[in-house]
Amino acid sequence: MSDLSAEDQKLVTLARATMARTRSPEGAAVRDLDGRTYAAAAIALDSLALTALEVCVAMAFSSGARGLEAVVRLGGVGEPDLRSVRELGGEDVVVHIGDARGQLTS
């Protein structure tokens with residue numbers, strides 16, 4: 001994590017804290033173009049299922065974000081679905097993926 005910018009390290013910290021607080025196996029955090037951050041855990045209800053990253057993107061969009069700078073997804077199974085990230089932020093959004101302990105793998 002030492003090669004991350006301070007702002008991206010903050011996203012890792014937010015995602016880890018969200019996972020700990022909610023006892024969720026997946027957490028995410030995003031930073032919008034204005035520097036605002038959003039963190040969330042996955043939602044698994046009978047009537048609604050969203051990944052942590054999808055919740056973060058929805059929070060940013062519903063708060064008026066015009067784009068994204070960076071995202072972090074920790075935990076979860078398999079590669080994250082980045083369609084919503086790319087739709088709101090484009091192809092240049094920095095994406096960090098890590099395990100449930102917060103160790104980044106990409």
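Does Asp34 count as buried, partly exposed or exposed? At 48% relative accessibility, Asp34 counts as partly exposed, where buried means under 20% relative accessible area, exposed over 50% and partly exposed in between (1.4 Å probe, protein chains only).

1. Basis of the note. This is a predicted model, in which local features need pLDDT of at least 70 and side-chain atom pairs count only at pLDDT 80 or more, while totals for chains, interfaces and linings use all residues. Residues are numbered from 1 along each chain as its sequence is written, and side-chain values use heavy atoms, with hydrogens and water left out.

2. Four strands form an open sheet in the order 2-1-5-6, with mixed pairing; strands (E, at least two residues) and helices (H or I, at least four) are DSSP runs, numbered from the N terminus. Two strands pair if DSSP finds at least two bridges between them. Strand 2 and strand 6 (94-98) are the edge strands, each pairing on one side only. Strand 1 and strand 5 pair in the antiparallel sense over seven bridges, and Val71 in strand 5 is the bridge partner of Val30.

3. Helix 2 lies across strand 1, strand 2 and strand 5, and runs at about 145 degrees to strand 2. Contact here means heavy atoms within 4.5 Å; axes are lines fitted to C-alpha atoms, for helices over the stretch in contact, and angles run from 0 to 180 degrees between N-to-C directions.

4. Nonpolar cores. A nonpolar core is a set of buried Ala, Val, Leu, Ile, Met, Phe, Trp, Tyr and Cys residues joined through side-chain atoms within 4.5 Å. The largest has 16 residues, and those with the most contacts inside it are Val30, Leu53, Ala60, Leu68, Val71 and Val85. Two or more residues each come from strand 1 (26-32), strand 2 (37-41), helix 2 (52-62), strand 5 and helix 3 (83-89). Helix 2 supplies the largest share of this core, six residues. Apart from it lies another core, of nine residues, among them Leu4, Met19, Ala70 and Leu74.

5. Buried Arg73. Arg73 lies in strand 5 (residues 68-75) and counts as buried, at 5% relative accessibility. The side chain of Arg73 makes a polar contact with the side chain of Glu26 (3.4 Å). A polar contact is a pair of N or O atoms within 3.5 Å; within protein, one must be able to donate a hydrogen and the other to accept it, and residues adjacent in sequence count only if both atoms are side-chain atoms. Not counting residues up to four places away in sequence, Arg73 also touches residues including Leu53, Pro80 and His96.

6. Salt bridges. The count comes to nine salt bridges, each a side-chain nitrogen of Lys or Arg within 4 Å of a carboxyl oxygen of Asp or Glu. In one of them, Asp8 and Arg31 have their closest N and O atoms 2.9 Å apart. Asp8 lies in helix 1 (residues 6-22) and Arg31 in strand 1, so this pair ties together parts that are 23 residues apart in sequence. Asp8 is buried at 7% relative accessible area, as is Arg31 at 8%.

7. Glu91 and Arg86 meet in a salt bridge (3.7 Å, N to O); Glu91 counts as exposed at 63% and Arg86 as partly exposed at 23%.
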